[in-house]
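Hello,

Here is the structure I said I would pass on. My notes on it follow below.

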Amino acid sequence: MATIRMIDIAVNFTDAMFKGIYHGKQCHVSDIATVLNRAWAAGVERIIVTGGSLEESKEALAIAETDGRLFCTVGVHPTRCKEFEDSGDPEKHYQALLSLAKQGIEKGKVVAIGECGLDYDRLHFCPAEIQKKYFEKQFELADATKLPMFLHMRAAADDFCEIVERNKDRFTSGVTHSFTDSAEDRDKLLSFSSLYIGVNGCSLKTTENLDVVRGIPAERMMIETDSPYCEIKNTHAGINFVKSTWPSKKKEKYDQDCIVKGRNEPCLVRQVLEVVAGCKGIDIDQLSRTLYHNTCRVFFPQDLDSAADALLAGRVETVKNL
């Protein structure tokens, strides 16, 4: 049987929950190392740690430097774009991001600009006009570094696609992660040949979500957990496709051999793969190879040959079995 290889493209390891802190209260020890061991054992080969602000991007880079299989992004999340103006010097803030990205590229760790984009569901954090201004500004980072984009789009498809269209010559490729929008919005994203769509537990909640995911070609998809958020819950429409489970305990009864109940983590990207394969009715081994190849194409092009070989081997095996 083929080994399933996975890359989790979105993990928020800078979140306090991975330090054992929930709502400001310390419930257990910091446990990133334990979480990583579970991920590697589950078949996760690489993880991209997301940066959502200048300070968070610095922390993401520091975390990425602790393991050869960890990588990160540098950028500012749409809900935090006020930090450009709150800094007192938006251009200096931009230059600090650029400097950090270049430093991370030299270390072989920074693989994308982001998480950036538009989020109109949470305008109380940052007004739309400021989001748009600094989303556009971050295409300059992609242009200067030649990195792909790690994108966020929530209830903002029209403005998002308009800005991407205007800047499509300033970046090579990218992924719109944690996609939860409509079939119409999916098709708008797919009209950009350079964009992939990232799917996680939040993308798989409802029957309608599953219908939307069925319409994403496997060749244009990536998988993620977006942990510690977006876990697949028992109430989700795709739960019957889940085959892999781990014992769990509440945070107050922390046990390093169990996942923390209600906290998503990278090993559970396996469940995302299972639900996508199940709802699309395709072979999980072949799907994993395709998604792995997609992810290498965008974020790890130096490994494209080995990913392509694995993809080809899978296709040959499929033909033999027909």
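In helix H1, which spans residues 32-41, the buried residues are Ile32, Val35, Leu36, Arg38, Ala39 and Trp40. Buried means under 20% relative accessible area, exposed over 50%, and partly exposed in between, with a 1.4 Å probe and protein chains only. Helices (H or I, at least four residues) and strands (E, at least two) are DSSP runs numbered from the N terminus. This is a predicted model: local features need pLDDT of at least 70 and side-chain atom pairs pLDDT 80 or more, while totals for chains, interfaces and linings use all residues. Residues are numbered from 1 along each chain as its sequence is written, and side-chain values use heavy atoms, with hydrogens and water left out.

The cover over the buried residues of H1 includes strand E4 (44-49), helix H2 (54-64), strand E5 (70-74) and strand E12 (259-260). After H1 comes Gly43, with a positive phi near 105 degrees.

**Asp8**

Asp8 sits in strand E1, residues 6-11. Asp8 is buried but has no salt bridge, and Arg38, the nearest side chain of opposite charge, is 12 Å away. A salt bridge needs a side-chain nitrogen of Lys or Arg within 4 Å of a carboxyl oxygen of Asp or Glu; Lys and Arg count as positive, Asp and Glu as negative, and His and the chain ends are not counted.

**Cysteines**

There are zero disulfides in the structure, a disulfide being a pair of cysteine sulfur atoms within 2.5 Å. The sulfur of Cys258 is 11 Å from the closest cysteine sulfur, in Cys267, which is too far for a bond. Cys258 is buried, at 9% relative accessible area.

Regards

Notes
Contact = heavy atoms within 4.5 Å.
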